[in-house]
Amino acid sequence: MMRFDDAREAAPAFATVLDAARHPLVLTHINPDGDAIGAVLGIVHAFAARGIAASAVVWPVLPRCAQVLADADRVTRYQPGAQLPDADLVILVDTASIARLGPIGEEHRAWLADRPMVLVDHHATNDAGASLNLIDTSAASTCELLAQLFGAMGWTLDTAAATALLLGVVSDTQSFQTTATRPVSLRVAADLIEGGAAHQPVVTALQFSLPGPTAMLIGQALAGLQYTDGVAWAVITEAMFAATNTLPEDADEVLAVMQRLDGLRACALLRAYGTTTRLSLRSRPPIDVAALAVRWGGGGHRQAAGATLAMPLDEAVALVVPALRAAVDAVGAP
Ligand SMILES: [Mn+2]
């Protein structure tokens, strides 16, 4: 097992493994976001330019912003019980552990363990379970890391690959606003745009494409917003999703508004997901919400983390809100 935390240092080892792959399979975490799908398609296009057809499987669906990316419709949406495409190398991106693969990981644990696996990620809670790992927790996105890695490996990126990576860089930094954003995040974006990445379609896909139903979901969820002394929380019930005809990923837009609250220190969005509750946590430094998420079997970054709780919404609220309040109080006054 090899682990690197710097793309340049990792490049020779990655070049050896990626150059030898003939049937790579790219996987990412459940409910892939812009960074995850940008990384998946960035890799698929980088291989395609070298004459290698990589396959990619996600679960359950691609995020809406992926529509702007070439060949997004060729990413397979996993059906529980299905086989995975034959592969001589598994490439795991933006994923902290096999458990974060959801049913793909649960149903193919032995198959995955039998194959060489490389991993590129920036999550602080990554368990480095692959044979070759690049985990740079200071990277603002996995796509930023991949752009550095491909550059150091000497792989040239075409417009399709560069656009996919740019989507990940811009979305995971929330347009270069997150605390994780660093000078290299902007340099990587500049290089990608210089290399042909389609900047305006990415911006339109991420910033100017809010669907009407999602706006209504924001209204319903925020009508119940609770906000006192720097701690905010809100819930999304299955009834709200049904009434507005929205999807779980639309909840991210609710969080985006909550994060703008004046004086916010930490916030939680809890949404019903069948018999479980999906929890998303956000904070401003120095509040560490990854530590909280880990307590409930989740993970993430210090300022953005999540977990899936095996309990209904009301029980999850009773568990999470006091714990979030305690975490904020433990840090003391801002
Ligand atoms: Mn990411």
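Which residues in helix 6 meet which residues in helix 7? The legends below start with that pair and then move along the chain; please keep in mind that the model is predicted.

**View A. Helix 6 and helix 7 side by side.** From helix 6, the residues Ala 162, Leu 165, Leu 166, Val 169 and Val 170 meet Ser 185, Val 188, Ala 189, Leu 192 and Ile 193 of helix 7. By class, this contact has nine nonpolar residues, one polar and no charged. The axes of the two helices are 9 Å apart, and the packing angle is about 155°. An angle over 145 degrees counts as roughly antiparallel, and helix 6 and helix 7 are therefore roughly antiparallel to each other. Their crossing is left-handed.

**View B. The loop that links helix 6 to helix 7.** Here we look at the stretch between helix 6 (159-172) and helix 7 (183-194), where Gln 174 is found. Although Gln 174 is not a glycine, its phi is positive, at about 50°. Ser 175 sits in the loop between helix 6 and helix 7 as well, and this residue, not a glycine either, has a positive phi of about 60°. How exposed are these two residues? Gln 174 has 17 C-beta neighbours inside 10 Å, so it counts as partly exposed. Ser 175 has 12 other C-beta atoms within 10 Å and is therefore exposed, since the cut-off for exposed is 12 or fewer.

**View C. A cis peptide bond at Pro 60.** Trp 59 and Pro 60 are joined by a cis peptide bond, with omega at about -5°. To find the spot, look in the loop between strand 3 (55-58) and strand 4 (76-77), where Pro 60 lies.

**View D. A cis peptide bond between two prolines.** Going from Pro 285 to Pro 286, the peptide bond is cis, and omega is near 5°. Pro 286 belongs to the loop that runs between strand 11 (276-283) and helix 12 (289-295).

**View E. Where domain 1 touches domain 2.** The domain assignment divides the protein into domain 1 (2-207) and domain 2 (212-331). Taken over C-alpha atoms, the centres of domain 1 and domain 2 are separated by 26 Å. How many residues of domain 1 are in contact with domain 2? Ten residues of domain 1 are, and they contact ten residues of domain 2. On the side of domain 1 that touches domain 2, four residues are nonpolar, five are polar and one is charged.

Conventions:
Residues are numbered from 1 along each chain as its sequence is written. This is a predicted model: local features need pLDDT of at least 70, side-chain atom pairs count only at pLDDT 80 or more; totals for chains, interfaces and linings use all residues. Helices (H or I, at least four residues) and strands (E, at least two) are DSSP runs, numbered from the N terminus. A residue is buried if 20 or more other C-beta atoms lie within 10 Å of its own, exposed if 12 or fewer, and partly exposed in between; C-beta atoms are placed from the backbone. Domain bounds come from an automatic or database domain assignment. Two residues are in contact if their C-beta atoms, placed from the backbone, lie within 7 Å. Ala, Val, Leu, Ile, Met, Phe, Trp, Tyr, Cys and Pro count as nonpolar, Asp, Glu, Lys and Arg as charged, and the others, Gly among them, as polar. Axes are lines fitted to C-alpha atoms, for helices over the stretch in contact, and angles run from 0 to 180 degrees between N-to-C directions. Angles under 35 degrees count as roughly parallel, over 145 as roughly antiparallel, 65 to 115 as roughly perpendicular and the rest as oblique. A crossing is left-handed if the near helix is turned anticlockwise from the far one by less than a right angle, and right-handed if clockwise.
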